[in-house]
Amino acid sequence: QVQLVESGGGLVQPGGSLTLSCAASGTFFSINTMGWYRQAPGKQRELVATITSGGVTNYLDSVKGRFTISRDNTKKMVFVQMNSLKPEDTAVYYCNANIKRWPGGVFVDYWGKGTLVTVSS
């Protein structure tokens, strides 16, 4: 069983900062790309940022320069530091990880349950 557990969401004022964390647990062989997605009310889920096992990053255009994704491969964790938050960043943020359960297996996407980030004064 693989689990992804997010933490760090909450209410923050515009211009403020938050850091989200996600820890992968369970039995598995390796993790490829990890990332963060978000879904605002009435909107489709969108990619926020991803990071490969080698550290290559990719960002949604609207968060470039404000969000920074990082990971700790030893601890099997991924983080996103979010600065200069805007009301339009309000959403449920989901952790995603591309995981291979055993050496002969294939990579499969796993998701956390999400953590709510609300940016409001």
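Student: Why is Lys 76 called partly exposed, rather than buried or exposed?
Tutor: This is a predicted model, and in it Lys 76 has a relative accessible area of 34%. Buried would require a value under 20% and exposed one over 50%, so at 34% Lys 76 falls in between and is partly exposed. Lys 76 lies in the loop between strand 7 and strand 8, and its phi is positive, about 60 degrees, although it is not a glycine.

Student: Where is Pro 87 found, and how do you know whether to call it buried, exposed or partly exposed?
Tutor: Pro 87 is in the loop between strand 8 and strand 9, and its relative accessible area of 46% is not over the 50% that exposed would need, nor under the 20% that buried would need, so the term is partly exposed. Once neighbours within four places in sequence are set aside, Pro 87 is in contact with Pro 14 and Val 119. Pro 87 and Gln 13, which are 74 residues apart in sequence, have their C-alpha atoms 8.3 Å apart in space.

Student: What makes Gly 16 buried?
Tutor: The relative accessibility of Gly 16 is 18%, and because the limit for buried is under 20%, Gly 16 counts as buried. Gly 16 has its place in the loop between strand 2 (10–12) and strand 3. Leaving aside neighbours within four places in sequence, its contacts are with Met 82, Asn 83, Ser 84 and Leu 85, while Gly 16 and Val 119, 103 residues apart in sequence, are 8.3 Å apart from C-alpha to C-alpha.

Student: Why is Ser 21 called buried, and which residues does it touch?
Tutor: With a relative accessible area of 17%, Ser 21 comes in under the 20% limit and is therefore buried. Ser 21 belongs to strand 3, and, not counting residues up to four places away in sequence, it touches Val 5, Glu 6, Ser 7, Trp 36, Met 77, Val 78 and Phe 79.

Student: How do you know that the charged end of Arg 45 sits over the rings of Tyr 94 and Trp 111?
Tutor: The charged end of Arg 45 is 3.8 Å from the ring centre of Tyr 94 and 4.7 Å from that of Trp 111. The distance limit is 6 Å, with a further condition on the angle to the ring normal, and the charged end is assigned as sitting over the ring of Tyr 94 and over that of Trp 111. Trp 111 itself, at a relative accessible area of 36%, is partly exposed.

Student: Which residues touch the most other members of the largest nonpolar core, and which strand gives the most to it?
Tutor: Of its 31 residues, Trp 36, Phe 67, Val 78, Met 82 and Tyr 93 touch the most other members, and strand 9 gives the most, with 5 residues. Phe 67 touches, among others, Val 48, Val 80, Met 82 and Tyr 93.

Student: What makes the protein as compact as a globular protein of its length?
Tutor: The protein has 0 helices and 11 strands, and its radius of gyration is 14 Å, close to the 14 Å that the globule rule gives for 121 residues, so the description holds.

How values were computed:
Residues are numbered from 1 along each chain as its sequence is written. This is a predicted model: local features need pLDDT of at least 70, side-chain atom pairs count only at pLDDT 80 or more; totals for chains, interfaces and linings use all residues. Side-chain values use heavy atoms; hydrogens and water are left out. Buried means under 20% relative accessible area, exposed over 50%, partly exposed in between (1.4 Å probe, protein chains only). A charge sits over a ring if NZ of Lys or CZ of Arg is within 6 Å of the ring centre and within 35 degrees of the ring normal. A nonpolar core is a set of buried Ala, Val, Leu, Ile, Met, Phe, Trp, Tyr and Cys residues joined through side-chain atoms within 4.5 Å. Helices (H or I, at least four residues) and strands (E, at least two) are DSSP runs, numbered from the N terminus. Contact means heavy atoms within 4.5 Å. The radius of gyration is taken over C-alpha atoms; the globule rule is 2.2 Å times the number of residues to the power 0.38.
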